[in-house]
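Subject: Structure handover

Hello,

Please find the structure below. My notes on it follow.

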Amino acid sequence: MPADVALNRIFKQHPQYGSRDRRLYSLAVFAWFRWLGWTRRLTPGHASGQLAWALWLDGADETSTLPPWPEVTEGPPPPAVKPASLAELARVIATTSAIPDLRVADLFPDWLPLSLDPAIDADAFMAACQQRPPTWLHLPEPARDACCEALRRVGLKPRTHARIPGAVAIDPPFQLQVIERAWGQPLHVQDIASQAVGLVSQATPGSCWWDVCCGAGGKTLLLAEAVGHAGRVMATDCRDTILENLRERAARHRRSNILTQLHDATLPPPFHHLCDGVLVDAPCSGIGTWPRNPDARWRTPNGYVETCTRRQIDILRQAATRVKPGGVLVYAVCSVTRAEGPDIVAEFTRETPAFHLEPFVHPYHGDPTPGYAALAPADGPGDGMFVARFRRASQ
């Protein structure tokens, strides 16, 4: 079970935990998973020592809202100074703790480096996974400045993105309900990488799009905003509870141009009309989300990436049948592996000559791409993703 799901269940069962308690417990749990590869060697078998080390490594001792941490009673004490570099940190701890072979790679499954997309720098990816990324909001461009001012009034320091309109980062701690009251309307929480995928899609006003695996519906809302009231977005997913959540979310954001339908994306599409654009945000290994979900690195088994790729290519084939001549097909995964990114693109273009890659500008730094790009977690900072844009031949 994902750690955030387990924590939410515990919090619902124990309403006596206030927001300060929930924040402390969440920080502790995620810090423990983030640094588990080191702490279980530093204090083997001693949970309290491992937790104290993890919180120190995570920098939580620098957060004034938390109580003082107990002294480490099991295992070596942490060094007085924490270096900025992850590799240097490993060397300092190894020297202090007499563990000469402590490595950055110990923080991750041993199969990870060989699986990464060559466009992803392995050292930078691992360093990004050891830092908590900010929370990103999507704000329609006309309202962005006014919302940022409202956020400043409640003590936050919002930061806008130079190239992605409407993207605003805020750092914890904060309560979404509090800042929504300050702003006076619901806020659209959406990671920077997902907003980048929306930018690559380039949905135009009045167009018709299909969001094949809509999930929580963040990208569905981005498409619905882009196509406007004259356009339509069909959102499908194989989980009815997810679709119900999306319908509630769309109602809160007053998006009446979203239609939902239960559908298994590996099967033929549930309708016959053709779309101007189709977005396939395919189920994947989720390795790109490891900065936010450090427990996932220990729950993802070796070989799971290959299991995901078989489903991804099946979904892409089915989705392609609903793209009109001259239309757009966007493929995205919140993963940074070679098999789920460049290899899928190569297989699809080889077997589907009606589609060709359409170059686009990289949404983070503006460099040209050949029609696909890796979105590195460190560059957001945020989740890691892969995105490709195809154009179907007009004849």
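How many salt bridges does the structure hold? The structure holds 24, where a salt bridge is a side-chain nitrogen of Lys or Arg within 4 Å of a carboxyl oxygen of Asp or Glu. Side chains of opposite charge can pair when their charged atoms come close.

Before the details, two remarks on the model. It is predicted, so local features need pLDDT of at least 70 and side-chain atom pairs count only at pLDDT 80 or more, while totals for chains, interfaces and linings use all residues. Residues are numbered from 1 along each chain as its sequence is written, and side-chain values use heavy atoms, with hydrogens and water left out.

Salt bridges

R247 is partly exposed at 34% relative accessible area; partly exposed means between buried (under 20%) and exposed (over 50%), with a 1.4 Å probe and protein chains only. E244, at 35%, is partly exposed too.

D314 is partly exposed at 34%, and R317 is partly exposed at 33%.

A network is also present: salt bridges that share partners join R41, D101, R103 and D106. Within it, the side chains of D106 and R103 meet at 2.8 Å, N to O. Is each of these two buried or partly exposed? D106 is buried, with a relative accessible area of 15%, whereas R103 is partly exposed, at 48%.

A pocket

Rolling a probe the size of a water molecule over the atoms shows where empty space is left. On a 1 Å grid over the protein atoms alone, a pocket is an open set of points with protein on both sides within 12 Å along at least five of seven lines. The second largest pocket has a volume of about 400 Å³, that is, the space filled by probe spheres set on the points, which are joined across faces, edges and corners.

Which residues lie nearest its centre? They are P140, Q185, P186, H253 and R255, out of 16 lining residues (those with an atom within 4 Å of a point). The lining has seven nonpolar, five polar and four charged residues. Here Ala, Val, Leu, Ile, Met, Phe, Trp, Tyr, Cys and Pro count as nonpolar, Asp, Glu, Lys and Arg as charged, and the others, Gly among them, as polar.

Regards

Conventions:
On a 1 Å grid over the protein atoms alone, a cavity is a set of points where a 1.4 Å probe fits but cannot get out, and a pocket is an open set with protein on both sides within 12 Å along at least five of seven lines; lining residues have an atom within 4 Å of a point.
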